[in-house]
Amino acid sequence: MINLYGVQLEKLKDLMVSYGQKPYRAIQLYTWLYEKKATSFDEMTDISKSFRDVLNADFILDIPKIAIKQVSSDGTIKLLLELEDGYKVETVLMRYNYGNAVCVSSQVGCNMGCSFCSSGVLGKQRNLRPEEMVGQVLVINNLLREENRGQRVSHIVVMGTGEPFDNYDNVIDFIRIVNAQKGLAIGARHITVSTCGIPDKIRKYASEGLQTNLAISLHAPNNKLRNALMKINKVYPLEVLMEAVKDYESVAGRRVTYEYLLLEGINDTKECAQELIELIKGTNGYVNLIPYNETNKNDYKRSSGNRVHAFLDMLMKGGVKATIRKEFGSDIDAACGQLRAKEKERNDE
Ligand code: SAH
């Protein structure tokens, strides 16, 4: 059984040809799925009954089920979604004034083991398939449709649980499906992939010909500190990562965003700001400072507002463009793996 939500348009054309159909059949199916929002093959009345029988026999149109839905006072929606095999993943809807952004998970759990992140606590169970990432967006689109305000998902950040570049091919398929004009038609510049920094995949991503964005989870300006926070740095130290970022910028012709979460007394000092300026000065990227969401899994503390602003000022004075990330859903555990970890804890009790 093939889940149609996981098949890229170009691949679906080939697949239709292998069924003795015209490539156009693929466009027709995409139109039914993404424009007319069909949820079964039987609705597709301009396709012959005999081919609909074939579709029903070989294809499915499944999307994940909502296990838990939390709505924050700021309208943020956090979902715990149940997959076919019972594994659960988190998806978050953030409402900006410029549109609706969905934070998509790319794996069940994560193997990167960053010391500050709840997603890694349970390790990686498996990669998500393209249809399971598309499904996260579709579930949110369905909720938005129920609100009857004519809204839909306009932005995607692959910043949920998982390391997208540890599930590279499926993530690229997912991007092509949501970006396709006949698919969800989400503009490439409205799609961002965030990575902890895997150089060969950063270079590969640069060569995909996508106009999507790349965010690098930096979080520390020197190897000693980054080794302590992010295991991946022991494999690909900063100098190796920064070479890949420079290659990305020249091949893709796009600048990156550096994510830098601020942990009180750890990476939010003046010295760190100065080192960060030196590190990224040679690139065109800009810094997104992230207020840390505290969890009971570790002792890291969120930097105070004053320290965050002092850090921002230093970067700006040093000629580095930087912003402070807007926070959503702080009353509903919306940060990184926290809902899933909590649910697991509850079940284990
Ligand atoms: N694996 C990818 C994408 C998922 S994490 C990556 O590393 O980029 C998305 C972002 O959230 C990363 O920058 C991550 O470091 C950050 N993050 C993880 N835990 C956090 C927390 N408790 N508070 C704030 N940001 C967190």
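User: Before we start, what counts as a polar contact here?
Analyst: A polar contact is a pair of N or O atoms within 3.5 Å; within protein, one atom must be able to donate a hydrogen and the other to accept it. Please note that this is a predicted model.

User: Which side chain does the side chain of Asn288 make a polar contact with?
Analyst: The partner is the side chain of Thr323, at 3.1 Å.

User: And which residues does Asn288 touch, leaving out those up to four places away in sequence?
Analyst: Asn288 touches Thr257, Tyr258, Glu259 and Tyr260, and also Thr323, Ile324 and Arg325.

User: Where is Asn288 found?
Analyst: Asn288 belongs to strand 13, which covers residues 286-291.

User: Is Asn288 buried or exposed?
Analyst: Asn288 counts as buried, because its relative accessibility is 12% and the cut-off for buried is under 20%.

User: What separates the C-alpha atoms of Asn288 and Gly253?
Analyst: Their C-alpha atoms are 20 Å apart, and the two residues are 35 residues apart along the chain.

User: Changing topic: how many helices and strands does the chain have?
Analyst: The chain has 12 helices and 14 strands. Its radius of gyration is 21 Å, close to the 20 Å from the globule rule for 349 residues, so the chain is as compact as a globular protein of that length.

User: What share of the residues counts as buried?
Analyst: Of the 349 residues, 55% count as buried. The chain exposes about 15500 Å², and carbon and sulfur atoms supply 48% of that area.

User: How many positive and negative side chains are there?
Analyst: There are 46 positive and 44 negative side chains, and the centres of the two sets lie 3 Å apart.

Technical notes. Residues numbered from 1 in each chain as written. Predicted model: local features only at pLDDT ≥ 70, side-chain atom pairs only at ≥ 80, totals over all residues. Heavy atoms only, no water. Helix = DSSP H or I, 4+ residues; strand = E, 2+ residues; numbered from the N terminus. Rg over C-alpha atoms; globule rule 2.2 N^0.38 Å. Buried < 20%, exposed > 50% of the residue type's maximum accessible area, 1.4 Å probe, protein only. Areas by Shrake-Rupley, 256 points an atom, 1.4 Å probe, with all protein chains shown as cover. Lys, Arg positive; Asp, Glu negative; His and termini not counted. Charge placed at Lys NZ, Arg CZ, Asp CG, Glu CD. Contact = heavy atoms within 4.5 Å.
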